[in-house]
Amino acid sequence: MKTRTNTAAVTAAIILSAILAGPVSAHDFKAGSLELKHPWSAKAPPVAPVLGGYVTIVNTGTQPDRLVGGTTSVAERLEVHESSIVDGVARMRLAKQGIEIPAGSTLSLQPGGAHIMLVNPKERPAEGEKFKATLQFEKAGPVEVEFVVQKPKPGSSNEHSGHRPP
């Protein structure tokens, strides 16, 4: 009787661990020394000309790499943008040389900061849906990822409201 109870408890623990760990590991991507964690995007308003994409990139290697662009079927263009504050005004611009991920460092592409811009969306995935994109790195090359559409975290800014593509 005790063995049956222990077996059931162990089985339940394994199943619960798989359920809890599944989405985290299933939504992270790896290319060489780069780890791309939880790519996501907010739901696009019906007429928005742009859509932001966000991801945390960890460079576990000994050499820097650089995110230089990418492609996706859901938008006309995928660009890498930098954000800065100039005279108290937030400004965005195309990162023409891309954005460096130093060796042993983490780069968080997030609302209000550096981010991926999807210009002229062809599709507007709903919350909970996913879409594919290929991010292009200088050294790691092309990395296919999947963005999940979700609500922005409380307190994050919506830097794309009113933004028009270049």
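Predicted model: local features only at pLDDT ≥ 70, side-chain atom pairs only at ≥ 80, totals over all residues.
Local features need pLDDT of at least 70 and side-chain atom pairs count only at pLDDT 80 or more, while totals for chains, interfaces and linings use all residues. Residues are numbered from 1 along each chain as its sequence is written, and side-chain values use heavy atoms, with hydrogens and water left out.

**Ser-41**

Ser-41 sits in strand β2, residues 34-41. Strands here are DSSP runs of E with at least two residues, numbered from the N terminus. Ser-41 counts as buried because its relative accessibility is 0%. Buried means under 20% relative accessible area, exposed means over 50%, and partly exposed lies in between (1.4 Å probe, protein chains only).

A polar atom of the Ser-41 side chain lies 2.8 Å from the backbone oxygen of Gly-52. Neighbours within four places in sequence aside, Ser-41 is in contact with Leu-51, Gly-52, Tyr-54, Phe-131, Phe-147, Val-148, Val-149 and Gln-150. Contact means heavy atoms within 4.5 Å.

**Salt bridges**

Side chains of opposite charge can pair when their charged atoms come close. The structure holds 7 salt bridges. Each is a side-chain nitrogen of Lys or Arg within 4 Å of a carboxyl oxygen of Asp or Glu.

The Glu-144 and Lys-132 pair links distant parts of the chain, 12 residues apart. Glu-144 is in strand β11 (residues 141-149), and Lys-132 is in strand β10 (residues 130-137). Both Glu-144 and Lys-132 are exposed.

Glu-35 is partly exposed at 23% relative accessibility. Lys-37 is also partly exposed, at 33%. Arg-77 is partly exposed at 29%, and Glu-76 is partly exposed at 48%.

**Nonpolar core**

In soluble globular proteins, nonpolar side chains tend to be buried together. A nonpolar core is a set of buried Ala, Val, Leu, Ile, Met, Phe, Trp, Tyr and Cys residues joined through side-chain atoms within 4.5 Å. The largest one here has 29 residues. Leu-36, Ile-57, Leu-67, Leu-109, Ile-116 and Phe-137 touch the most other members.

Leu-36 touches His-27, Asp-28, Phe-29, Val-55, Thr-56, Ile-57, Leu-135, Phe-137, Val-143 and Val-145, with residues up to four places away in sequence not counted.

Definitions and conventions
Helix = DSSP H or I, 4+ residues; strand = E, 2+ residues; numbered from the N terminus. Polar contact = N/O pair within 3.5 Å; in protein donor to acceptor, adjacent residues only side chain to side chain.
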